[in-house]
Amino acid sequence: MTTQEIIDKLWNLCNVLRDDGITYHQYVTELTYILFLKMAKETGTEEAIPETYRWDELVRRDGPELKQFYKELLDKLGTETTGRVHEIYAGAATNIDEPKNLKKIITSIDALDWFSAREEGLGNLYEGLLEKNANEKKSGAGQYFTPRVLIDVMTRLVAPQPGERCNDPACGTFGFMIAADAYVRSQTQDYDTLAMEAAAFQAEEAFSGCELVHDTHRLALMNAMLHGIDGSIYLGDTLSNFGKQLRGYDVVLTNPPFGTKKGGERATRDDLTYQTSNKQLNFLQHIYRSLKADGHARAAVVLPDNVLFAEGDGTAIRRDLMEKCDLHTILRLPTGIFYAQGVKTNVLFFTRGVQDQGNTRAVWYYDLRTNMPSFGKTHPLRREDFRGFEAAYTADDRTKVEDERWHVFTREEIAAKGDTLDLGLIRDDSLPSYDALPDPYESTQSAIGDLQTAIQLLQEVADELKETEEEQA
């Protein structure tokens, strides 16, 4: 049985829980509680779990006794254990009311081909479940889910190295850091070429993250554990004063949440120079401040278009970024790769300077948005779609790259445009020729663009309000 077949079987068990009113996201969380016990047994790592609450004790029970025992198990593992076990089960509670449904899930998991799963990697199996959850629109988890191919491209180009500290300040289920770990492993023969102390650093300290949502934090912990990563994954808000401790990193890879703070309030961080309610602008400030000022620390960050053109504090933050960092590359991403309608995004690549002035001299743009097919569930992104960008990014001499999507703007040219970074898009062949149109048409197009931007921002606010209503419900 292949990993994908196991993933499909586990996912289909969700149908068992429909009568209990379990959502997709709740199901993945519930699966995590149960899978942890089974995987601990399969991997011989049950020593951190009290004998009374191990897999064999769970699987032999049935009926009302099973339901009561399962509730007791969740409570005890969340209050009377330490380490990863405590972190995963802290505050755990079940949403399954019907004992026969719980028994069905347990027996189905017990009957799976775990030898094949171990051979292909339990981490791969769990990541497959997380991706399945994100791809199911009804779960809501995929609204801003970062496609795996994009994570891998960003990781390859940033190229984390052994001994470097890597972080994701909005880590979700820890996908970026798992990709970073996989990249370093691929460069070191699975860490076999490293000294024992260096290999221990990679497993225990090299990769860290922070996640605000408790249930998502559990999934991140489980994902990291199954990939052999024991770095710190904090449950907290990076944009609160808690986030001040997240600094001194060599690499940051992230896709921070979009939108504004609930209620329009500003971030509670008291060390951010520019106070704004725009979450992604605050995350951008945090990220470039969290990098070591050594001329080598670097980041790749997914950010929406409004970060490139927002006025006021947005302009000031972009200037600060270009002073403190070498913002050398911006990838204009295609639409349709995130489920939230109308979201247009970019990847900003930058390196923190030694000094805090004059680090950006030119910004190279690659337009992967214009004249591209419509991406989505039926036409997902592929690695081949990024080949032109990767070739341009890694070229020894960027000025010699012959690609119509590849453009450069000097720092002086950007300043002359009011420090907007909303640049680098090529002519859209689906539109009439701009050169043949009178000036009033250009004004109309500009107004349409402003209207589209306003609609995007209103959509983000609506999404925030919907989240709030769902949480209150």
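Start with Arg398, which lies over the face of Tyr393, 5.0 Å from the ring centre. A second case is Arg61, whose charged end sits over the ring of Phe69, 3.9 Å from its centre. A charge counts as sitting over a ring if NZ of Lys or CZ of Arg is within 6 Å of the ring centre and within 35 degrees of the ring normal.

Before going on, a word on what you're looking at. This is a predicted model, where local features need pLDDT of at least 70 and side-chain atom pairs count only at pLDDT 80 or more, while totals for chains, interfaces and linings use all residues. Residues are numbered from 1 along each chain as its sequence is written, and side-chain values use heavy atoms, with hydrogens and water left out.

Back to Tyr393, which belongs to a cluster linked by ring pairs, together with Phe349, Trp364, Tyr366, Phe389 and Trp406. Rings of Phe, Tyr and Trp (its six-membered ring) pair if their centres lie within 6.5 Å; planes under 30 degrees apart count as stacked, over 60 as edge-to-face and the rest as tilted. There are twelve aromatic pairs in the structure. One of them is Phe36 with Tyr89, an edge-to-face pair at 5.6 Å centre to centre and 85° between the planes. That pair links distant parts of the chain, with Phe36 in helix H2 (residues 24–42) and Tyr89 in helix H5 (residues 83–89), 53 residues apart. Helices (H or I, at least four residues) and strands (E, at least two) are DSSP runs, numbered from the N terminus. Phe36 and Tyr89 are both buried; buried means under 20% relative accessible area, exposed over 50%, and partly exposed in between (1.4 Å probe, protein chains only).

Then there's Tyr366 with Trp406, a tilted pair at 6.1 Å centre to centre and 50° between the planes. Tyr366 lies in strand E8 (residues 362–367) and Trp406 in strand E9 (residues 406–410), so this pair ties together parts that are 40 residues apart in sequence. Both Tyr366 and Trp406 are buried.

Now follow the strands themselves. E8 is mostly covered, with five of its six residues buried. Five bridges join E8 to E9, and the two run antiparallel; Val363 stands opposite Phe409 in E9. E8 is also joined to strand E6 (residues 325–332), this time by four bridges and in parallel, with Asp367 in E8 as the bridge partner of Arg332. Two strands pair if DSSP finds at least two bridges between them.

E6 is joined to E7 as well, by seven antiparallel bridges, and Leu327 has Phe350 in E7 as its bridge partner. Strand E5 (residues 298–304) pairs with E7 too, again antiparallel and over seven bridges, with Val301 standing opposite Leu348. In strand E7 (residues 345–352), eight of the eight residues are buried. Thr345, Val347, Phe349 and Thr351 point one way from E7, while Asn346, Leu348, Phe350 and Arg352 point the other way.

Not counting residues up to four places away in sequence, Phe349 touches a list of residues including Met154, Leu157, Leu327, Phe389 and Tyr393; contact means heavy atoms within 4.5 Å. Phe349 is also among the residues that touch the most other members of the largest nonpolar core, a group of 98 residues, as are Leu10, Leu35 and Tyr89. A nonpolar core is a set of buried Ala, Val, Leu, Ile, Met, Phe, Trp, Tyr and Cys residues joined through side-chain atoms within 4.5 Å. H2 supplies the largest share of this core, eleven residues. Apart from it lies another core, of 30 residues, among them Cys210, Leu246, Leu284 and Leu303.

Ile49 is buried, with a relative accessible area of 2%. Not counting residues up to four places away in sequence, Ile49 touches Phe36, Leu37, Ala40, Arg54, Leu77 and Val85.

Stepping back, the chain has 18 helices and nine strands. Of its 473 residues, 51% are buried. Among contacts between residues at least 6 apart in sequence, 75% join residues at least 24 apart.
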